[in-house]
Structures are given as structure tokens and as C-alpha cells.
Amino acid sequence: MLERIYRAQKVMDEACRTRGRQINIMEVCGTHTVSIFRSGIKSTLPEGLKLLSGPGCPVCVTDQSYIDNVLQLAERDDVLIATYGDMIRVPGRGGSLETKQPGANIKVVLSSDDALQLARDYPNKKIVFIAVGFETTAPATAVVVRQAANEGIENFFVLSGHKLVVPAMRTLVSQKNHRIDAFLCPGHVSAIIGYGAFAEIVRRYGRPCVVAGFEPMQIIEGLGEICRQITADKAELKSIYTAVVTEQGNTTAQAMIDQCFEPADGYWRGLGKIEKSTLKLKGAYAQFDAIERFGLSQEPVEDKSGCRCGEVLCGLIEPPQCELFGHNCTPERPVGPCMVSSEGACSAWYKYGRNRKKQQ
Amino acid sequence: MCLAIPARIVELEGDKAVVDAMGNRWRARTTLLPEARLGDLVLIHAGFAISLVDEKEAKETWELLRQIDDFEKTQDKVSG
């Protein structure tokens, strides 16, 4: 194993020498971010190679207006909120789901299936499923929406916060001030969409895209593969996560998404409005759309907290450069979503960076 | 959030499965992976199997999850 690490490091050194300036590689997966920090990979990289944490955590990229809509719904007596645990502590204007009255109408679920079951168990309530997540999670929502339609369930609604990874990557490399040389692409999103989905980023923007799993060795070898391309002055599409990811991905899951959803313009924290980057229920399934049913607004709201999560997500600053980091914003008392989510860049910096200092 | 956990299908009826990872068992569905069979190792995300996975990959991931869990416990002790 050491030999594989040394080999990858040698390739990285060579890329840094060839490029003659700092190389910035963005990881677009919250699980990568955590694994990179936890394993201490950053400290083994050559000085000229920098990792940027991108918009790879679904909770972190969720716009403030979405959180406000969730909180607004949670106040209704006729509504029961079904949410993945990640969303419970994300602050909106006027608190978070966690700070709502104890015993309030909020249930944490582990799957979309559990959310639909609530609709059967509580026929007098309107169940609103807080559906966040990228392409990995969206098919699970699609399955239960179809099931609700088949069973004629009328008290189940979806507040879709589902997002698509590739449009965000496209937006990042289209920005004038971006400094991304290559992408380390997400493993489990790619299990669904297939590594072929990143071809456009390679072709149109000349950025190497390499899919890797989240074990440290996979990440190191993924970075090695990117550096090999940089040295050769090439941009290629490659997956080294061959145990899980194919070029086509999971076509059953893709078909499930296509049947229920259509791409729609939508807001991302830090990135603003991105064309066709979110998933909206379509056709006969639009009846399950919570936005329509409850007449909610999706216009962005101004965040006055001083939180700089948006810049962190675009790789423009590192978490400690935010004035709130570690003082007014900690995992116990988070201000922004990147500190709330265990996969957020701020949370990872705080947890693992702090621990490393203690060890020294 | 996009983390998927490898687990073995130990019961399967239609698309409803019981899966096992490191001795923990829970319910999951194979709707998105119709080719999954009893005894297969699969990646489970948010209650759904999304991909088949081999033994080596599953073991590596379980080991990593165990390490993360240990680390989280140490952190809890430090901050608690």
C-alpha cells in the first residue's frame, strides 16, 4: 500500500513541477471532504497541490429560501414534516426544525419509504417529505411518488430540493474568477449517473474529471490520475472506482428520475440561480409538489448572518477565512449549513483540523 | 448524505429486503436494482440498493466506517 502512495505522490510532484504554479483540484462530494480530512491526506500532498471542497454536500447547497419554506410548513397544524436527519439543525430565518416546539409535527426518517408510510399512518395529516440530495437520493423519492400515485394516496407531498451535480460543475468552471484545474468526481452520485455524465466538463472546459471512491487510497490514486493528466497536458474522463461505477450508471434509477421529474432552474447557496439544475415533479406527479400545493415562494432571500458558506462552496475561500468560523459558528452552534452537516467543509475543518492541532 | 453503505441481502421478497452490515440489520428496497438477488452485496443509500458491490470493496468500506465511528466517539468524549 505504501508503494502505491509513493507512486501517486511522485506523479503529484511531477505535475506540480511541470505546471509551475499551484494546482487546484476540487472534490465535489461531501464524503470525499470528510475522508480527506479524517485521513490526513492534505498533509501528504506536495505544497503546490491544493484541494478545494466544492458544492458536494446537498444540505450545504440548499438555498435559504428552501429552509424557510420548511420552517413555514412546520408551523402548520395540518402538516407533518418528514425529513432526513441532516436537515434538522440547518438554520433558517427564525430558528431550525430542531428549535421548533418539542413534540412539534416533525419526524426524522431514514428513507423516502418511511415518509410515505407516515402518509398511510396519519391519514388526517398532510405529510411533506423534505427531499434533499443529488442524483443518489432523487430516485428513492421518485419510487415513492410513483407508489403514492398508484395507491391513490392524497396526503403525501414532496418539497423537492433535489439537485443535479453536473450543472453546478459547469457553473463553477464558467465563473471568471474560478481557479479549478480538475475535478475529483463523486463516487456514489456516479453510481447512478455513470461516469460518462462528466464527459461534457472534460470536453467543453478541458478539465480532467476522475471518479474515485471514498477510501483514502482511492482518493490518493484519483489525485494521482488527475496529476498524470496534468503533467501530460491532457484532460480525460476516468473512473478508478471500478467496483461500483460504470460509464452508464444505474439506468433503472435514471429512468425512475426521468419518469417523475424534469430539470428546472433553481437556486443554490453560493452559486445562485443555475439553469436546469434542480428536479421538479412533472406531469401527473406534479400533484405531489409541495410548492404548488401550499403556494410557497422559491425566490432567494438575503442572508444577513455574515455566513460565507457560499464562497466556501465555490472554492473561493477556506472555512477559517470566514470571520464566524470557530467563534460564532461551531458544530454545536452552527450559523451556516457547511457547519451543520457532518459532510460540510466547515464542519470537517473544525472537527479534524482542530484535532490535528491537539495531536501536534 | 450521498454516502452509501455496503450490506448483504439476507432476506428478499419482491423488492423488499432485509440487509446486514457489520451485524446491523435493517429494511431496504431493491426497486432501483432489480437484478439484486438474495445473498448479494449491495450499496444501500437512503433505504434503497443502488449498486452491486464486491466483497473487497465492502470490507474496505466497513473498516473505514468503523474507524470513523471510533473517531466520532473519541470526539464526543473530548467535547462531552
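1. Strand β8 (residues 209–211) of chain A runs parallel to β9(A), and the two are joined by three bridges. Strands count as paired if DSSP finds at least two bridges between them; strands (E, at least two residues) and helices (H or I, at least four) are DSSP runs, numbered from the N terminus. One bridge links V211(A) to S239(A) in β9(A).

2. This is a predicted model, in which local features need pLDDT of at least 70 and side-chain atom pairs count only at pLDDT 80 or more, while totals for chains, interfaces and linings use all residues. Residues are numbered from 1 along each chain as its sequence is written, and chains are lettered from A and ligands numbered from 1 in the order in which they are written.

3. The strands β2-β1-β7-β8-β9 of chain A, in that order, form an open sheet of five strands with parallel pairing. β2 and β9 (237–239) of chain A are at the edges with a single partner strand each, so one side of each has no neighbour in the sheet. On average, neighbouring strands are turned by 20° against each other, direction ignored.

4. Chain A is divided into domain 1 (1–308) and domain 2 (309–359), with bounds from an automatic or database domain assignment. Their C-alpha centres lie 18 Å apart. The contact takes 31 residues from domain 1 of chain A and 25 residues from domain 2 of chain A; residues are in contact if their C-beta atoms, placed from the backbone, lie within 7 Å.

5. On the side of domain 1 of chain A that touches domain 2 of chain A, α2(A) gives the most, with six residues.

Key. Two residues are in contact if their C-beta atoms, placed from the backbone, lie within 7 Å. Axes are lines fitted to C-alpha atoms, for helices over the stretch in contact, and angles run from 0 to 180 degrees between N-to-C directions.
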